[in-house]
Amino acid sequence: MPLLRRFLQLDVFTERPGSGNPLAVVVDAQAIDDASMQAFANWTNLSETTFLLPPTQPGASYRVRIFTPRQELPFAGHPSVGSAHAALESGLAQAVNGMLVQECAAGLLPVRVTGEGPARRISVRAPQARHLPAAANPVLWNDVLGALALGKLPAALIDNGPRWWLVELADEAAVRDMNPALAAIARLTQATGAVGLAVFAHCSHAEHDLVVRAFCPADGIDEDPVTGSANAAIAAWLHLNQSLPAANYRASQGREIGRDGRVDVDVEAGGAVWIGGSTCTVVDGSLDW
Amino acid sequence: MSGKRRRFQQVDVFAPRAGAGNPLAVVVDAEGLDDSRMQAIATWTNLAETTFLFPPTAPGAHYRVRIFTTRTEIAFAGHPSLGSAHAALATGLAMPRDGLLVQQCQAGLLPVRVSPVAGGQRLAVRVPRSRIVRHSRVDDTALQQALAGCARGELAPALVEGGRRWWLAELADEDQVRSLRPDTDAIRSLAEQTDSLGLCVFARCSGRPYQLVVRAFPLGVGINEDPASGAANAAIAAFLDESSGLHGLGNAYVVSQGRELGRDAELFLQIDADSQVWVGGRCETVIAGSLDFG
């Protein structure tokens, strides 16, 4: 008899299915070996697939392993938000005082849960960010930036697990209308060990305070629909420069590729960054692997 | 937001076991979804194709299928036809008559044969036959660059057309195919210059449980390598037949594809008495459940 496991495919950072970043979650992942996890994460063809397991450490609510189609990751933002949603939806874990503790390869990470049902929001604390002193060839930068209208802050390389190049642009239109120089971005990120380049701008919009786009062409992803780690890096950079729109703000990402993601960002006084949002359960079923 | 939950399957196609083939997402109860919603779902699944099943509108058809890539709707493709037929059978939407299902798609009514095999069943679809458009020339620079360093097989490379166009190139042996490191820039240029999907390479094999090894590089639709290609394999079969190149293979042979991507697909090709090409294989339901896309 085949062993059927609960499987969910979620849309993360959105209240509307199809507008966020998809995530595959195998809920009952006991006794799947590493090679099978990697093979399944390759087969789903999504940016990440996660596997939920019983916790092995005291205090943890559940354990998660996160795979891209090519490798396992110690931590990532949208897979953590989605995995927490899946753990709650499947009854694998219950929040205590609005908190879950996620055990992952990066350690024990706190997860904040507010609201219920469609109004539920889940936030994870992103790993601490460091501003790296880095410079790239000015000719290369010229190819990347072209005639873009730049904002106030200089370009920065931020490491919060992955490394992101961040570039502030003058306004929302400069971000939304940007035609990314993908070949130049690929060269820049490869030359500096960065996963990608994210652009952002402040905006005075009723629904969001920041607009973000993230490009990872060297990783085979021209543009990522909604990116937890890039949003966390931007928040840390804005905090460092005392340039946050507010301690709690909302970013819009993904419209240029047909999505409409919303990332809720919380920055504590000490600089710790929480990223979160809504998650939709799109596919609910069983897996026979 | 919560909408209607529709039955959903993610099927592995041309898969002797789950995970070895080419995945396909199938929305089983697709009535009421408009074109833009179907395209949004197909973009979201991020698979090469997503299909949507409807009640048939043509007499004699068992079901109607619409096939979407992440970018656009297409009239026909092999692996989506087999996976759709499998999902229609697995969900009880259709029952074969005399071992046949009739699939209605934009390319017309196509028969799907259902054959019992050990441990399950094999499905095969009749594929609109492709023809040679032209053979390669020395001044096809993108093709020559894509094949640089490869030991060629007996047949000259050719551009073929059967709905969509492919360049097909026979290489000298299995090792030449398996060890090929595709020049994606050259293949992308080739696809753009000749309005084709890209390049397929193949070689005859001996002493194996398969007779042909195939790799497909559809850079023209933004995919570096396809793990198992129904229509492309049917095009190779038609090309071999048209080129009198079926010696040693006969009218039915087995293809290995996808190992270089970590898969291990198995495709069954047949050229019937009417010179029609059938491509088939095993399908496995990997994910069964429901989909709520708002």
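# Strands, salt bridges and interface in a predicted model

Colleague: Over how many bridges do strand β6 (residues 99-104) of chain A and strand β7 (residues 107-114) of chain A pair?

Modeller: In this predicted model, β6(A) and β7(A) form a hairpin with two residues between them. Strands (E, at least two residues) and helices (H or I, at least four) are DSSP runs numbered from the N terminus, and two strands pair if DSSP finds at least two bridges between them. Met99(A) has Arg112(A) in β7(A) as its bridge partner. The two strands run antiparallel, and the bridges number six.

Colleague: Which pLDDT do local features need?

Modeller: Residues are numbered from 1 along each chain as its sequence is written, while chains are lettered from A and ligands numbered from 1 in the order in which they are written. Side-chain values use heavy atoms, with hydrogens and water left out; totals for chains, interfaces and linings use all residues, side-chain atom pairs count only at pLDDT 80 or more, and local features need pLDDT of at least 70.

Colleague: Which residue takes a positive phi in the hairpin of β7(A) and β8(A)?

Modeller: β7(A) and β8(A) run antiparallel and are joined by four bridges. Val113(A) stands opposite Ile122(A) in β8(A). Six residues lie between the strands, and the positive phi, near 75 degrees, belongs to Gly115(A).

Colleague: How many residues apart in sequence are the parts that Glu15(A) and Arg121(A) tie together?

Modeller: Glu15(A) and Arg121(A) form a salt bridge, with their closest N and O atoms 2.9 Å apart. The rule asks for a side-chain nitrogen of Lys or Arg within 4 Å of a carboxyl oxygen of Asp or Glu. Glu15(A) sits in the loop between β1 and β2 (21-26) of chain A and Arg121(A) in strand β8 (residues 121-125) of chain A, so the sequence gap spanned is 106 residues.

Colleague: How many salt bridges does the rule find across the interface of chain A and chain B?

Modeller: Over all chains the count comes to 37 salt bridges. Across the interface of chain A and chain B the number is zero.

Colleague: Which three residues supply 32% of the area that chain A buries against chain B?

Modeller: In contact (heavy atoms within 4.5 Å) are 25 residues of chain A and 28 of chain B. Buried area is the accessible area (1.4 Å probe) that two parts lose on being put together, summed over both. Here it is about 2,100 Å², 55% of it on carbon and sulfur atoms. More than any other three residues, the suppliers on chain A are Pro17(A), Trp43(A) and Val282(A).

Colleague: Which element gives the largest share of the side of chain A that touches chain B?

Modeller: The elements giving two or more residues to this side are β1 (5-12), α1 (34-44) and β18 (279-287) of chain A. Seven residues is the largest share, and they come from β18(A).

Colleague: What is the bridge partner of Val283(A) in β16(B)?

Modeller: β18(A) pairs with strand β16 (residues 277-291) of chain B, antiparallel and over five bridges. In β16(B), the residue bridged to Val283(A) is Leu291(B).

Colleague: What is the radius of gyration of chain A?

Modeller: Chain A has six helices and 18 strands. The globule rule (2.2 Å times the number of residues to the power 0.38, radius taken over C-alpha atoms) gives 19 Å for its 289 residues, so chain A is as compact as a globular protein of that length, at 19 Å.
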